[in-house]
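Here are some notes on the model, set down as numbered points for a colleague to check against the coordinates.

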Amino acid sequence: MAETHLTPRNIPDRLEGRGARLLKSWESLLLVVACLIFLGNSLASPYFLDPWNLSDATFNFTEKAIIAFAMALVIISGEIDLSVASIIALASTAMGYAVQLGFDTPALVVIGLAVGLACGAINGLLITGLGLPSIVVTIGTMSLFRGLSFIVLGDQAFTSYPDSFAWFGQGYVWWVFSFEFTLFVVLAIVYGVVLHKTNFGRAVYAIGNNQTAALFSGIRVARVKFILFLLTGLMAGLASICLTSRLGSTRPSIALGWELEVVTMVVLGGVNILGGSGTIPGVVLAALIMGMVTFGFGLLNVPGIVMSIFIGLLLISVIALPILWRRARRRLAH
Amino acid sequence: MLQDTLTSRMKPAIALEGISKSFPGVKALSDVSLSLYPGSVTALVGENGAGKSTLVKILTGIYQPDEGTICVADKEVHFPTALAAARAGVTAIHQETVLFDELSVAENIFLGHAPRNRFGLIDWKKLNADARALLARAGADLDPTIRLRDLGIARKHLVAIARALSIDAQVVIMDEPTAALSHKEIHELYALVERLKAEGKAILFISHKFDEIFRIADRYTVFRDGTMVDEGLIADVSQDELVRLMVGRAVGSVYPKKDVAIGEPVLTVSGYRHPTEFEDINFELRRGEILGFYGLVGAGRSEFMQSLIGVTRPSAGAVRLDGEILVIRSPSEAIRAGIVYVPEERGRQGAIIGLPIFQNVTLPSLSRTSRSGFLKLANEFAIAREYTSRLDLRAASLDQDVGTLSGGNQQKVVIAKWLATRPKVIILDEPTKGIDIGSKAAVHAFMSELAAEGLSVIMVSSEIPEIMGMSDRVIVMREGRIAGRFERADLTAEKLVRAAAGIQEAA
Amino acid sequence: MANILKNRELLLVAAIAVLLVLITWRFPAFVAPSNLARVYNDTSILIILALGQMAVILTRCIDLSMAANLALSGMMAAMLNAAYPGLPIPLIILAAVMLGTLLGMINGALVWKLDIPPIVVTLGTLTIYRGLIFLLSDGKWINAHQMSDAFKALPRDELAGFPVLSWLSLVMIGLVFLVMSRTALGRAFYAVGGNPHAAVYTGIDVGRTRFFAYCLSGALAGLSGYLWVSRYAVAYVDIALGFELDIIAACVIGGISIAGGIGTVAGAVLGALFLGVIKNALPVINISPFAQMAISGMVIIIAVAVNARAERRKGRVILRKAEAV
C-alpha cells in the first residue's frame, strides 16, 4: 500500500478564482436587484437622487439592519430570536423611565444598552443553559419583555427626552451622513469581519451546519450561542436608542412586528433559515433593497401595508425560486 | 453443498438471484443468491461490511438492486418502495426499531391498516382487541393501550413482531434482534422464533452470536466482502468452521502493520465507570502502540470513548496523561490536552457537511492557524494540504464541500481534521466502517505510520481482520465491561468472537 | 403523585384549579358557574384556533398566519354581509370557512410542494394576508351599523342557556377530537411529527399530511374570522393583530411539543383555558389588564421548560445491572 504515498496527489486549493465565485453568488444577484430598484426609483421620481432625500431614505432601514446583523449570526448558527422588537420596547421604556428619574443622555445610553444585554442574557441562559428550543423561548420572552413595557406604561407614553438625546436618531455625523447611517456602515464592517474573518465566525458556521460535529471538534457550542444571543440583545438595545431618539417618545407598541421584518431582511440577504450559510454583504444588500423599496413606494404614495405584501411575496419567492430553478434544471438534465 | 433434500423439494417463500448493488466507489453486493424457505430459519453470518445490511435493505424495498431478480412464490417482483415490500409480505425487525414512541402499542401494530367501523372511523375497541390477540401470538404479555416509549427495547421488538404478524408477513427478517436484550428476553425471543417457524414463516436471522445461531437456525449463509461464500445446513457445520468461513483470508498479510518499539505508558485509565453504560474500565496505553477495542455493536465502547473526551461525564475514574491527572469536561479540553477522538458516526459527529474540506480540517486547530482570533487562510490551506495529502485524499479542490466526497474520502478528511491538532493520543472509532477497499488501505497505512512516529492509537473496531491485522494488543468489551485482554502474539479470531459473545471456552 | 406529574393534562387541570383557588381567595364570585361560563365563552375563539394550530404543530410545522387568516376571512365575511344584507348567515360562515381553508391550502402547498421551511412560509403569508385585507377593504372599517342584526346576533344567541359561540367551540372540540383519534389522517399527524422517517416506511406521505394539517388550521381560522368579527361587531385591518402568538402560547402551555408528535386535544383546550382564566381574572383581582402579556410570556417559558424536562429521553442502557433498576 505504500506505493500510493510515493505519488501524493496535488489537490488545488480552489478551482475558481474570487471573481467567478463572486459572480455566481446570491449577493451578486441581490446587487443587480438593488441597482434595478435604484434605477427604477430614480426614473419614477425626480426627487429620489437628491442626496438629502437619499439620506432620509436610510432612516427606514438602519435600525432594523443593525439588529439584522446580529440576527444573521443567530440564524446562521441554527437558532432564531423573535424577541428583538420586544427588547426595543423594554429598553425604550427603561430609558423613558430613567428620564422621569432625572437621568441625562449618557446614562440613558448606558441603560438602553444594559437592558438589551440583560434581555439577551435571559434568552441565552434559557436556550443554552436549559437547552430549550429558541423559537419557543423567544416567543415567550417576546411576550414577556413587551408585557413589562405595558405594565409600566399602560396606554401612556414617555415623551420628555432631553434635547441632546435626539442626536442619535436625528443627528448627522458629517454632511448628509446621519449618525444612524454611519452606525449602520460601521457595524456592517464589524460584523462582516467577525463573521468572515475570525475564528468566532467560523465557529458560528460550523455550529449551524452540524452542531454535534462542532462540539466534537472542540467548539464550545453553548458559549458561542450565548454570546450570539447577548449580541442580538445588545443590538436591539442600540436600535432602541436610535428609534426612541428619532421618535422622541416611547409607547409600549413601539417597533411592533419588527422581528418579522428583521428576519425577512436576513433571509432575503441569503441567510439559510435552517442555519449554516449566509453572509453579511448579503444582509447589507437586503437592507438597502428593503429600504429603497419602502422609500420608492412612499414617493409613489403607495401605502405601507401594500409594501408589506410585497415584502411577504419577496420573502417566499427568494426561497422558492432557487428551489424551482434547481428542479427545472434537474428535469432538463434528464 | 445443496444436496439438502428437504428444502429442495419445497418452494422458497422468497428467492433472490444474482443480486448486485454498487455505491459510488464500493461494490456492496456482487452476484448474490439467497432463498428462504417456509417454516425454516436461515442464519446470515458475515463481518460488518460483508453486505448483510445492504441485502436487508434490498429485501425491504429501501434500496433497489442494480442487477438480479427477486421472486416471491415463483413470480418475479419489484420493490420500488418500503410499502411495496410490506405488501408482498416481507417485513424486517431492525436493531433500532422504527416505530413511534408517542403512540400506543396497539397503534404501532396497526398504523396504516387500522380496523375501521362502518362510518370509516378507527375502531379502537377492535384495534385493541386485535392487538391483544397478536401480542399473545407473539408471546408478549403487554397492555396494548400503553405508550411505546414506556417499553424497553426488548418489548419494542415484540411490538415490531406483532406488527409483522398483523400484515401477515410470510418473510420475516430479524436483524440482530438480540443485540440489546437480556438473558431472559433472549429466551423469550427464541420461543417466538419457534412459533413463527411453526406458523410457516420464512425467517432470515442475522446475528453475530454463534451460540444463538446454532440454537435456532436450520440453515446458514455466509457473506464475505459482498459475495456469498457458502451456504448449507447448520447440522453440517461447526462453530469453528463458520468463524473460518466468515473471516476468510489469512489475516495479517494485507495489513501494513509496522513493527514499532513500544515505549512508556502515555495514557492510564483507572476505575472508569458510568451509571448506565460501562464500569470497571482499567487499561494503559503506551507510546507507539495500537490498542484495539473489539466487541459487538452496543458493547459500550463508543460510549466509553466519548466519556473519555468529555462528551459525557463518568461517575468515577481517573485519567492520567504522561503521568499527570487530567480532568476533561469537554472535547475542547481533551483536544488541548492532546487526546482526540475520531467518531464513528461520520455524518453526524465527524464531518461538517456544508463546509469546504479545508475548513473541516482546520476547525479543531484554528487557534494554531489563526493570529489573535483572526483567520489566516494561507495557514489553513497549508495545514489542509499537508494532512490530506498524507492521507491520499481524492478531491477536486480543497475548497469543495465535504458533502460531495465519497464516504472513504470524507473519512480521510475527518481523520486529517483531528490529526492536525497534533495529538498525543488518537482514538479512532470504527475508522473504516462503510468505506471502500482503497480508502481502507490508505487509512490503515496511515495508522501504522502514526504509531511509528510515536503516536499512541486506540482503534475501536467490530471487524475481526482489522483488529487482528492492526492491533498490538486487544481489549474486548461486552455489555459495558472488559471481557478479555489479548496480546498480539496469542490473538485468534475464535478467542475474540468467544470473548465478545460471552461463549464459554469448550472444556 | 409521580403519575400526575407525568400526565401533562392532569398537571394543567391542577394548575388551573390552583389558579382558580387563588382568585377565589380574593374574589369568590369569580368561580360562580355563570361567571365560569362567561370565561369559557370568552375563550372559545382561542380554543378553536388552538385546535388548528395543534394539528399543524403535531406535524413538526407551525402556522404563524392564523391570526392574519382570521382577519382576512372575517373582513370578507363582514363585507359580504354589508354588501348583501339578505345573504343567509350559514352561507356567510361557509364562505369564511372556505376562504380560510384556501389560505391554509396555500401555506400547506408551499410547505409540501416546495419544501420551504414552515416558519418562513407562514411568516410570508402572514404579511401578505394582512396586506390583502387592506386591498380588500381599502383600509376602511366595517362598523356595527353596517352589519345585519342576524350577522351580529348569531354568536350571542343562547341555546339551552349558553351562547352559540360556546356551543360552536364545543362542537369543534368534538369534531377535532374525532379527527385526531378516529381517522387515519389524525393518527398520521402524530406519526409524521413523531418520527417522519418511520412514517415514510409505514406508507404515510409526510408532505401531504402536513398539507391537510394546514387545511384544518386554515378552516378553523376562517370560522374564527366570522366569529370574531360578529362578536366584536367590527372589522378592520388590524383585528387579532399578534394573536398568532396567543394561539401558539395556548398550545405550548397545553403540552404540545414544538418538536412535533406530542400533544392532545385536551391539552390544547386546557392551554387556551389557562390563558383565558388569567385574562379574565386580572381585572377582577385588580391587576392591570396590561400585565396579561407579561404573564402569558412567563407562562410560555415555564411551560416549555416543564415540557422539555418531561420529554427528555432516556439514554440507551448497556449495563445489565442498570437495566434492572
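1. Two residues are taken to be in contact if their C-beta atoms, placed from the backbone, lie within 7 Å. With that cut-off, and bearing in mind that this is a predicted model, the contact between chain A and chain B takes 30 residues from chain A and 39 residues from chain B.

2. On the side of chain A that touches chain B, the elements giving two or more residues are helix H1 (3–6), helix H10 (199–209) and helix H11 (211–216) of chain A, and H10(A) provides the largest share, six residues. By class, this side of chain A divides into 13 nonpolar, 11 polar and six charged residues.

3. Between chain C and chain A, 39 residues of chain C are in contact with 38 residues of chain A. At least two residues of the side of chain C that touches chain A come from each of helix H5 (89–114), helix H6 (118–137), helix H12 (243–253) and helix H14 (291–311) of chain C, with H6(C) giving the most, 13 residues. The side of chain C that touches chain A has 29 nonpolar, eight polar and two charged residues.

4. Within chain B, strand S11 (residues 265–273) pairs in the antiparallel sense with strand S12 (residues 281–286) over five bridges, and B:Pro265 stands opposite B:Arg286 in S12(B).

5. S11(B) also pairs in the antiparallel sense with strand S14 (residues 316–321) of chain B, over five bridges; here B:Arg273 has B:Ala316 in S14(B) as its bridge partner.

How values were computed
Residues are numbered from 1 along each chain as its sequence is written. Chains are lettered from A and ligands numbered from 1 in the order in which they are written. This is a predicted model: local features need pLDDT of at least 70, side-chain atom pairs count only at pLDDT 80 or more; totals for chains, interfaces and linings use all residues. Two strands pair if DSSP finds at least two bridges between them. Helices (H or I, at least four residues) and strands (E, at least two) are DSSP runs, numbered from the N terminus. Ala, Val, Leu, Ile, Met, Phe, Trp, Tyr, Cys and Pro count as nonpolar, Asp, Glu, Lys and Arg as charged, and the others, Gly among them, as polar.
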